[in-house]
Amino acid sequence: MFVEKPPSNITAVAGSDMTFVAKVDSSTLTRKPTMKWLKGKWLDLASKAGKHLQFKETYDRNTKIYTYEMKIIKVVPGDAGGYRCEVSAKDVCDSSTFEISVEAAHQDDQADILSAFKRADAGEDEGDLDFSALIMLAFYYIHPFFFLLPPHLSHFFMTDRKKKPEKEEPEIDVWELLKSAHPSEYEKIAFKYGITDLRGMLKRLKKMKEEPKHSEAFLKRLESCYTVEKGKKIVLSCEVVDPNVQVKWLKNGQEIKPSAKYVMEANGNIRTLTINKTNLADDAAYECVVGEDKCSTEVYVKEPPVTITKLMDDYHVVVGERVEFEIEVSEEGAHVVWLIQKDKDSTKYRFKKDGKKHTFVILEATLDDAGMYHAWTNGGHTKGELEVEEKELEVLQDIADLTVKATDQAVFKCEVSDEKVTGKWFKDGVEVLASERIKMTHVGRFHRLIIDDVKPEDAGDYTFVPDGYALSLSAKLNFLEIKIDYVPRQDPPKIHLDTTGNMVSQNTIIVVAGNKLRLDVEITGEPAPTCVWSRGEQPITDTEGRVRVEARKDLSCFVIEGAERGDEGNYTICVTNPAGEDKAMLFVKIVDVPDPPENVKCTGVGEDCATIVWEPPKFDGGAPIKGYLMERKKKGSSRWTKLNFDVYESTTYEAKRMIEGILYEMRVFAVNSIGLSQPSLNSKPFMPIAPTSEPTRLTVHDVTDSTCSLRWLAPEKIGAGGLDGYIIEYCKEGDTEWVAANKDLCEKQGFVVRGLPVGEKINFRVVAVNIAGRSLPAILSQPVTIREIVEHPKIRLPRDLRTKYIRKVGDKINLTIPFQGKPHPVATWLKDGKPLDPKMVNVRSTNVDTILFIRSAERDHSGTYELTLKIENMEDKASIVIRVIERPGPPQNVRVTDVWGFNAALEWDPPKDDGNSEITGYTIQKADMKTKEWFTIYEHNRRTNCTASDLIMGNEYMFQVYSENLCGLSEEPRLSKNTALIAKTGLDYKPNPYKEKDMACAPKFTQPLVDKSVVAGYSAAISCSVRGFPKPKIVWMKNRMIIGEDPKFLMQNNQGVLTLNIRKPSTFDGGKYSCMAVNELGQDEVECKLDVRTVMIPVRK
């Protein structure tokens, strides 16, 4: 991936600026690469960006190369150490390491070399202590709340604490401490003496030490370090001097025992340690020990990148609501880092893990919680925005004034929008306290003040104040004092209506649906009048039920429990006595929350917005519609997001901040003075989509007297809406009216506009169309004159047809010859100056090429074919020579012309039929008259004669010859007319003297026995090899005792390879095994150690 990396070793001067550049080729990548700059092993330098460290990223569209820069302003000694830049994109990863050394400006004194690894206390310009980031990272791994600590706590960890003045102590040489200390003590010493770049200091320490003595035990040591991905296998290998020596493997100083995870092998001088299924615990230092000598290495385990499969959503909530940011990652148990922009109070935050789901919870959102929230994995990043609105309290039902008589009950009731809101009641500015006679209740959104047995002192102004809101609701309690004077004479009845309270006019009463209406009407008259309530012409006589009439002294009570819309209408009260009658008419109006809005639909979309319209509800609840509240959600989701907190009055709304290509649904609530309606039906799913960008590179391909051929490329930006096709439009120069050239969308990137007037100058443009509509047009810069251009005919003869075109009999011939010319030229074919026979050759011509086709070639098709291209009086010609060939016939007159010694001379004549191709050679074969088996003695012989050599004396030979051309050998050979007889002559055989070699030797083992560790119960074998003559006698021994005919042991000897098979060994079969080879010239012996181990199997309870 890297095309340019930072230099591996860099030396900087303190106080100067340094810039490091890395370039990445993204031409083969499917998404933008991610670059990380690291110091040491894990410290991400992105958290250090500021005045001292600056990062820059640029992109070249032409070369598709990303350039990443890291700049260190005013290098300080603390910047020295090892650095690494890592680039990753999906499943591809690459890294580069480099080392920075810092030299003091104009100072050669090495006495203060330790200061290059310490932090100075002079100020910010001396560099930040790297251990702050390491401590922060360590705290995060302990608990992720560290990033959400209050400022005074996080500042404690991320800044230097002032040290108390201490007594001066004698200077300590840290170099000497490190030289003499165990490696496990390095970090403790570094922390105690303020060493930040421990890795760099250890490298300097390694250079200061004396050169190690030459290893006498190792031929090849372990590599300095190994890198492996988590879950993969890694093999550590070294080579020892002695092939029989035993080695020990250590991990962080502890000996490693053989297991399924750690497999140790010895193969000759090679010793290997295989670590299977590596994990982060295998990231350690390893050593191979041979006696007092050892070699070491480090293994770095890289965790594979964890990608984020479900991104974080944005939230829009009100104060006090619960917020849950949820993401999904590619692996269970993955490590996720949550980070916010501000210092927050961590008591209300929670973290949850459920398989691949990770959730960050804010229990009760406040205004301070608004901002961006980030989540990182080692292979991805996502963020979400939290918007918090101040919660507004809406009064759904106000307190009404009351007029009551002595001993009656007074009930003040109000309704607010939030069920959780509490409040206090006041009378004339003094808080009302609960008692046996005065009770205060809070049920849901309703707050009530109930006063039993009303007294004159209870009259006054009553106020309800919600806690936490600058709001108050007031009403007045009027005490009605009734005085009755006895008049002995008769009085006509009189109805006394109270026009206060719920009566908005003299005879109209408004009741909220679901509430109780109780109308107490005072009646006077002597004697006591009779009262009748009626609705329309229907009298109301029920004294029990939802709608009833209650009679009291001097009062008539009309009650409706749980008012409904059907209760609305005119009600009449009629009172009569002997002195007369009185009537009053009342209109009861029932008000309710409105019906939901109707026909919610999307009328237009943009790249991140959509226009929503709806119709007002059919029933407004008896109160004017104040406005609407909108909500949206993603299709398939169950979580609705509020789009407005203030009432929106119009029936058209433009929803913004949506994601292109995602399906959304909308619903609308209607609001009146009574409350909030039920939600409307969900709108049909719609998708925010933007039109494509304009097509690119619009050019004219061809022009005739009535047509114009256009070509173009697809738009650079297509978007989630895709591309449905193109519309081609044209207009005459000077006109403004564009005419569409195609009725249906053109899916190709080319179109021929037809029916154009000759000689006119025409402007052309092309528009891309998708579901979101038309794009901006791509317009030709200059108008096109509609007139065909005369072009001379020209034949473009392919290179392979400019020489003889050779094909075999039966082959298919298909020649395509392109040409050009305007107007369209006429192509004519001739063969050897005569017109073609259409029965033998097929010809098909188009406007741009002509095709000569022969289904099955014959030798008669050979000849010279001439193509003539004509345009009026202009023409062009081209000739093609076609030769059709086949196998030749056999040679003529094959004969033996001479025989001498072991040789015979042959001659023949060329074949009569050469197959229409030059004879390239001959193949000659011989056969003796006894076996008559043919053997080839010459191939590709170009002459018509040859000499057969190395013939066997006493045999008689006959010969045959094949002719050969480009098609191959002739189908039949030609036999020689006569034979060649090789006569016998007298010969004397004198063999060389032979001396037999003495092969006797004493036994010698060429391959020794090797120590082995086996598992009890599994058959094992030990092997060695021996040589010796005479064949030695083999004796196997265990612990110096000869192994007899024990059926547990099977001894084999295969060509000197000796094998002892042990059937299902037990722990008693372990010990020293030796093999002795003995013959009359001497003996030799080898031995090995066999270790039989048992495997512990856990028992399930």
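User: Which residues touch the most other members in the largest nonpolar core?

Analyst: This is a predicted model, so treat what follows as a reading of that model. A nonpolar core is a set of buried nonpolar residues joined through side-chain atoms within 4.5 Å. Here the largest one has 23 residues, and F20, M35, W37, M70 and F98 touch the most other members.

User: Which elements give two or more residues to this core?

Analyst: Strands do: strand 2 (9-13), strand 3 (18-25), strand 4 (34-39), strand 7 (65-72), strand 8 (81-89) and strand 9 (92-103).

User: How do strands of a sheet pair?

Analyst: They pair through backbone hydrogen bonds, either parallel or antiparallel. For a case here, take the open sheet of three strands in the order 46-47-50, where the pairing is antiparallel. Its edge strands are strand 46 (598-605) and strand 50 (652-655), each pairing on one side only. On average, neighbouring strands of this sheet are turned by 25° against each other, direction ignored.

User: How many bridges join strand 46 and strand 47?

Analyst: Five, with strand 47 covering residues 610-615. To spot the pairing, find K601, which stands opposite V613 in strand 47.

User: And the whole chain: how many helices and strands?

Analyst: Five helices and 87 strands. Buried residues make up 37% of the 1101 residues.

Terms used: Residues are numbered from 1 along each chain as its sequence is written. This is a predicted model: local features need pLDDT of at least 70, side-chain atom pairs count only at pLDDT 80 or more; totals for chains, interfaces and linings use all residues. Side-chain values use heavy atoms; hydrogens and water are left out. Two strands pair if DSSP finds at least two bridges between them. Helices (H or I, at least four residues) and strands (E, at least two) are DSSP runs, numbered from the N terminus. Axes are lines fitted to C-alpha atoms, for helices over the stretch in contact, and angles run from 0 to 180 degrees between N-to-C directions. Buried means under 20% relative accessible area, exposed over 50%, partly exposed in between (1.4 Å probe, protein chains only).
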